[in-house]
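This report describes a single protein chain from its overall layout down to selected residues. Please examine the sequence and the structure shown here before reading on.

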Amino acid sequence: MSLERIYEIKKQWIPVYALLLAVALVVTIYLVLVYMYTQNEDFLMYTMLSLLFSLYMGFNLVKLIRIKIPKYSYVKVLKCSQCDHTITVPMKKGDYLFKEEGTCPKCSSKMYIAALYKEEVRRS
Ligand SMILES: [Zn+2]
């Protein structure tokens, strides 16, 4: 499984964590109100537990939101067989190394694919 796929699966958990956090916060507020009303020490402990759970969910949520999914684009380097002029263009289906493709814009000789690789796309 690729790293990008793992990140995408993780991102799908954001609504679940957000929902759990919301529920935990509501429960915490409810417990605080109950404690204030009853002055029962037990509820203070439940409030602490609930608060800890909220913090844990909030922490996880922030961690998930901060994940950046890297995007890659596949490129090929076309190289002229005569003058070594190179052009980098997006890869197409059926491309392979040393495949002849196009003509050199400088000397009109045949060009071939000198390299195939993926590069990370920077997103703003
Ligand atoms: Zn050339």
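## Overall form

The structure is a predicted model. Three helices and four strands are found in the protein, and from the N terminus on these elements follow the order α-α-α-β-β-β-β. The protein is divided into domain 1, residues 3-66, and domain 2, residues 71-121. Over C-alpha atoms, the centres of domain 1 and domain 2 are separated by 52 Å.

Several values describe the extent of the chain. Along the principal axes, the C-alpha atoms of the protein fill a box of roughly 90 × 25 × 15 Å. The radius of gyration of the protein is 28 Å, whereas a compact globule of 124 residues would have a value near 14 Å. Of the 124 residues in the protein, 8% are buried. Among the contacts between residues at least 6 apart in sequence, 55% join residues at least 24 apart.

## The helices α2 and α3

Helix α2 comprises residues 14-38. Its 25 residues reach 36 Å from the first C-alpha to the last, close to the 36 Å expected at 1.5 Å a residue. Helix α3 covers residues 41-66. The 26 residues of α3 should span 38 Å at 1.5 Å a residue, and this agrees with the 38 Å between its end C-alpha atoms.

The buried residues of α2 are A24, T28 and L31, and α3 is included in what covers them. In α3, the buried residues are S50, S54 and M57; what covers these includes α2. An α-helix has 3.6 residues a turn, so residues three or four places apart point the same way.

Residue A24 shows the contact between these helices in detail. A24 is placed in helix α2. It counts as buried because it has 20 C-beta neighbours inside 10 Å, and a residue is buried if 20 or more other C-beta atoms lie within that distance. Leaving aside neighbours within four places in sequence, A24 is in contact with S50, F53, S54 and M57. From A24 to S54 the C-alpha distance is 5.3 Å, although the two residues are 30 apart in sequence.

## The sheet

Which order do the strands of the sheet take? The four strands form an open sheet in the order β2-β1-β4-β3, with antiparallel pairing. Its edge strands are β2 (86-90) and β3 (100-103), each of which pairs on one side only. From one strand to the next, the twist averages 45 degrees.

Strand β4 consists of residues 110-121 and pairs with β3 in the antiparallel sense over two bridges. Within this part of the sheet, E100 stands opposite Y112 in β4. The hairpin of β3 and β4 has six residues between the strands. In this hairpin, S108 takes a positive phi near 60 degrees.

## Residues with positive phi

Most residues other than glycine have a negative phi, and most peptide bonds are trans.

| Residue | Phi | Other C-beta atoms within 10 Å |
|---|---|---|
| Q39 | near 60 degrees | 9 |
| F98 | near 70 degrees | 8 |

Is Q39 buried or exposed? Q39 is exposed, because it has 9 other C-beta atoms within 10 Å, and a residue is exposed if that number is 12 or fewer.

F98 lies in the loop between β2 and β3. Phi of F98 is positive, near 70 degrees, in a residue other than glycine. With 8 other C-beta atoms within 10 Å, F98 is exposed.

Technical notes: Residues numbered from 1 in each chain as written. Predicted model: local features only at pLDDT ≥ 70, side-chain atom pairs only at ≥ 80, totals over all residues. Domains from an automatic or database assignment. Pairing = 2+ DSSP bridges. Axes fitted to C-alpha atoms, helices over the stretch in contact; angles between N-to-C directions. Expected span 1.5 Å × (residues − 1). Contact = placed C-beta atoms within 7 Å. Rg over C-alpha atoms; globule rule 2.2 N^0.38 Å.
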